[in-house]
Amino acid sequence: QLHKNKKTIAVAESVTGGLIASRLTNVPGSSDFFIGGIVSYHPRVKVTQVGVPAATISHFGMVSKEVAIAMAEEIKKRFHTDFGLSSTGVAGPAPIPPAPVGRVYIALASDKETDWKELNLQGTRNEIREKAAQAAMGLLWLNLGGEENI
């Protein structure tokens, strides 16, 4: 859909640790639409490399819709793309209070709006990360006009 619509994307990932970028680059010809990404696991990288305001992290916490939204919007700006896609959350085994294990936020920034979702996922650490990456791809798919039930 990105290739067909001549749109570009960049990613800012935390909980998914590069899984979204990996899924995007698994598609032949992905260099036409995937510009790049940052795995911003540490708050310092979210601030210095992605551009999330430190005050947003301080006020809302690393695992919040506000941080996911800021990550998506800032990566879109920094990489000059049509879309910015982000993930932040807790894969476990320990929670990051107040967020429990399995709480994930994904966000997709475009020129018209920023869409976001809160997910409460179950499973092992890797299952939560995989499900979060899949959900992020689903959010992108739906925003590109893809069918909901494929």
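Five strands, in the order β2-β1-β3-β4-β5, form an open sheet with mixed pairing. The edge strands are β2 (34-39) and β5, each of which pairs on one side only. From one strand to the next, the twist averages 10 degrees. The model described here is a predicted one.

**How the strands pair**

- Strands of a sheet pair through backbone hydrogen bonds, and the sense is either parallel or antiparallel.
- Strand β1 (residues 9-13) pairs with β3 in the parallel sense, over 5 bridges. Within this pairing, the bridge partner of Ala12 in β3 is Ser86.
- Strands β3 and β4 pair in the antiparallel sense, over 6 bridges. Gly89 has Val104 as its bridge partner in β4, and Gly84 has Ala109 as its bridge partner in β4.
- Strands β4 and β5 also pair in the antiparallel sense, here over 7 bridges. The bridge partner of Arg103 in β5 is Asn120.
- What do β4 and β5 form, with 4 residues between them? These two strands form a hairpin.

**Burial within the sheet**

- Strand β3 (residues 83-89) is mostly covered, with 7 of its 7 residues buried.
- Which residues of β3 lie on each of its covered faces? Phe83, Leu85, Ser87 and Gly89 are on one side, while Gly84, Ser86 and Thr88 are on the other, and all are buried.

**The aromatic pair**

- How many aromatic pairs does a search of the whole structure find? The search finds 1 aromatic pair.
- The pair consists of Tyr105 and Trp116, whose ring centres are 6.4 Å apart. The planes of the two rings stand at 45 degrees, so the pair is tilted; planes under 30 degrees apart would count as stacked, and planes over 60 degrees apart as edge-to-face.
- Tyr105 belongs to strand β4 (residues 103-109) and Trp116 to strand β5 (residues 114-120). The two residues are 11 residues apart, and the pair links distant parts of the chain.
- Is Tyr105 buried or exposed? Tyr105 is buried, because its relative accessible area is 9% and the cut-off for burial is under 20%.
- Trp116 has a relative accessibility of 31%, so this residue counts as partly exposed; the partly exposed class lies between the 20% limit for buried residues and the 50% limit for exposed ones.

**The largest pocket**

- The largest pocket holds about 360 Å³ of space. The elements that give two or more residues to its lining are α1 (19-25) and α5 (125-143).
- Which element gives the most to the lining of the largest pocket? Helix α5 does, with 6 residues.
- In total, 20 residues line the largest pocket. Gln1, Leu24, Met137, Leu140 and Trp141 are the lining residues that lie nearest its centre.
- By class, the lining comprises 11 nonpolar, 5 polar and 4 charged residues.

- Glu130 has its place in helix α5. Its relative accessibility is 36%, so Glu130 counts as partly exposed.
- Along the chain, Glu130 and Glu13 are 117 residues apart, and their C-alpha atoms are separated by 13 Å.
- Pro43 lies in helix α2 (residues 43-50). With a relative accessible area of 27%, Pro43 is partly exposed.
- Pro43 and Ala109 are 66 residues apart in sequence, and the distance between them in space is 20 Å, C-alpha to C-alpha.

How values were computed:
Residues are numbered from 1 along each chain as its sequence is written. This is a predicted model: local features need pLDDT of at least 70, side-chain atom pairs count only at pLDDT 80 or more; totals for chains, interfaces and linings use all residues. Side-chain values use heavy atoms; hydrogens and water are left out. On a 1 Å grid over the protein atoms alone, a cavity is a set of points where a 1.4 Å probe fits but cannot get out, and a pocket is an open set with protein on both sides within 12 Å along at least five of seven lines; lining residues have an atom within 4 Å of a point. Grid points are joined across faces, edges and corners, and a volume is the space filled by probe spheres set on the points. Ala, Val, Leu, Ile, Met, Phe, Trp, Tyr, Cys and Pro count as nonpolar, Asp, Glu, Lys and Arg as charged, and the others, Gly among them, as polar. Rings of Phe, Tyr and Trp (its six-membered ring) pair if their centres lie within 6.5 Å; planes under 30 degrees apart count as stacked, over 60 as edge-to-face and the rest as tilted. Buried means under 20% relative accessible area, exposed over 50%, partly exposed in between (1.4 Å probe, protein chains only). Two strands pair if DSSP finds at least two bridges between them. Axes are lines fitted to C-alpha atoms, for helices over the stretch in contact, and angles run from 0 to 180 degrees between N-to-C directions.
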